[in-house]
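Hi,

Here is the structure I promised to pass on. Have a look at it first, then read my notes below.

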Amino acid sequence: MQKALETLLIGLSTGSIYALMSLALVLVWRSTRVINFAQAGQAMFSTYIGFEIATRSQIFWLGLLFAIVAGALLGAGVDYFFMRVLFKHANSGPALVVAPVIATLGLLGLIRSIVGLTWGGEFKSLTAPASKNGFTFGEVTIPFSPLDSLTIITVAVILIILALLFQRTNLGLALRASAYSPEIAQLAGIRTARTRTIGWAIAGGVGGVAGMLVTSYNFLTPYSLDLLLVFGFIAAVIGGLESMVGAVIGALVLGIGLTIILNYVGTSLVFIGGFSVLLLVLLIKPDGIMARGKVRRG
Amino acid sequence: MSLVVSNLSVSHGAISALRGIDFSVEVGQLAAVIGANGAGKTTLLRTLSGLKDAISGNATWKDREILGKRPDELVRRGISHVSEGKSVIPELSVKENLILGGIWRGKKSDTAEAINEVVELFPRLGERMSQSANTLSGGERQMLAIGRALVSRPKLLLLDEPSLGLAPIVIEQIFQTIDQLRHRLGLTVLLVEQNAMSALEIADIGVIINLGEVVATGPANELINDPALRAAYLGY
């Protein structure tokens, strides 16, 4: 019983980080119809910025703030300087479908190389904002740590802010409308291109938070966020790619599922578990777990 | 001081959709654009609202060029387009669909006031403010689409087939509503319709399009009574 509870809590903490990456991917997909593989690179670059600030100031939260800002600026820049130009030139046929995705892969490589040149490839270690040692109750120490609880709280705060932004503000309404129907949004007077760039900025900032949180558990290298991208993507697909709520639920389900495999089956099966879940969802409910009867198609 | 379209040509790739379209609408007039399926009516509206590029010609509203501008820029110049097929966003609530039309002005109080005016015109929408737009009937959706455009406080309203897919009794209501609100708000309206008779009855002038060209234009009551036109294009 106790082990089950621990598994659930750790699963939640892991899943909550996936949720941020998953949200970032869904935000871009909804507005631009692009699976943004560069998200891993954007998050990694933002995390290096956050890492520098956190290390120099010895304040993790200041680093996090800078990671958010760097992520947002980079996200907006990718949309403004790459996607807009790309869509202007590739506006029909296979080029429209393939070119943006290939471009994000190219961008991922480019960012990785720039980071490698700037910071080198060695493992960097960030001072975590809370202890990684599990909570102790009398004689018993559980695996769930203060850092895990802080992760859950941080993600919860970010999710609440995003929910308020999207549901309660005109900007949020413009973002949703532009994602659902760019044409009607534009006819209603919304500057959809600008709105989309803001969406990319939000996704970039959220990715930066995910990178900082992962890095407070593990080392930072130019490759250290690739797994986060993979699991974030799986979570987004489980959630149906279209739904922000789905992205979060998909990530929590995935996080808990993988922790169960880790705790009860073995480390070596985590990957198999993750991809099996992905395949099962695609085979049984290709529109994701949130899909009700009818789903809007692209 | 009016909408002037001159020598407008538009194509879909290699296929020519509109060829040398000429007509003009005075401020405060309602012009009905009539024609069969595929005549180019929708293309005309989409070009005038900035959704589609023209290959040649001009279109001015109050003496300023409107071709080559984005739809959101034209909304700021007082031109709102209600596109074909109940142009509402079904995933949003009725209220959110209405607010959408006012966001560009950036003043929440303005938008709230405009929404109140729309609810006065369409009380049914007022009863359904928090419902999702996809729960509305076809007629209610059309009202919502027009209402959203009105929240932008347009001077020129482009309406694409508001009667499409609606029951005859609802169509009659929609046309009555259009007639009332354009007098009440002093709107200039360009109404595209297949439903020739109903549209011409409330119109000041008619523009008949066939295969991408204007075949007749003139006062609506004269067009209605022209036997040759009736037989060839109006279908009754």
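This is a predicted model: local features need pLDDT of at least 70, side-chain atom pairs count only at pLDDT 80 or more; totals for chains, interfaces and linings use all residues.

**What I found**

Residues are numbered from 1 along each chain as its sequence is written, and chains are lettered from A and ligands numbered from 1 in the order in which they are written.

H1 covers residues 2-32 of chain A and H8 covers residues 192-215 of chain A; they pack at an angle of about 165°, with axes 8 Å apart. The axes are lines fitted to C-alpha atoms, for helices over the stretch in contact, and angles run from 0 to 180 degrees between N-to-C directions.

Who meets whom? On the H1(A) side the residues include Ile17(A), Leu20(A) and Met21(A), and on the H8(A) side Trp200(A), Ile202(A) and Val206(A) are among them. In contact means that the C-beta atoms of two residues, placed from the backbone, lie within 7 Å. The residues of this H1(A)-H8(A) contact split into 15 nonpolar, four polar and one charged. Nonpolar covers Ala, Val, Leu, Ile, Met, Phe, Trp, Tyr, Cys and Pro; charged covers Asp, Glu, Lys and Arg; the others, Gly among them, are polar.

Thr192(A) also sits in helix H8 of chain A. Is Thr192(A) buried or exposed? Thr192(A) is buried, with 24 other C-beta atoms within 10 Å (20 or more makes a residue buried, 12 or fewer exposed, and in between partly exposed, with C-beta atoms placed from the backbone). Leaving out residues up to four places away in sequence, Thr192(A) touches Ser178(A), Pro182(A), Ala185(A) and Gln186(A).

Now for where the chains meet. Chain A puts 16 residues into the contact and chain B 21 residues. On the chain A side, helix H6 (170-180) and helix H7 (182-187) each supply at least two residues, and H6(A) gives the most, with six. That side of chain A divides into nine nonpolar, four polar and three charged residues.

Chain B has ten helices and ten strands. Its radius of gyration is 17 Å, close to the 18 Å that the globule rule gives for 236 residues, so chain B is as compact as a globular protein of that length (the radius is taken over C-alpha atoms, and the rule is 2.2 Å times the number of residues to the power 0.38). Buried residues make up 48% of the 236 residues in chain B.

Two loop residues in chain B are worth a look. Asp63(B), between strands E4 (56-61) and E5 (64-65), has a positive phi of about 70° although it is not a glycine, and counts as exposed. Glu161(B), between strand E7 (156-160) and helix H7 (168-185), has a positive phi near 45° and is buried.

Cheers

Note on methods. Helices (H or I, at least four residues) and strands (E, at least two) are DSSP runs, numbered from the N terminus.
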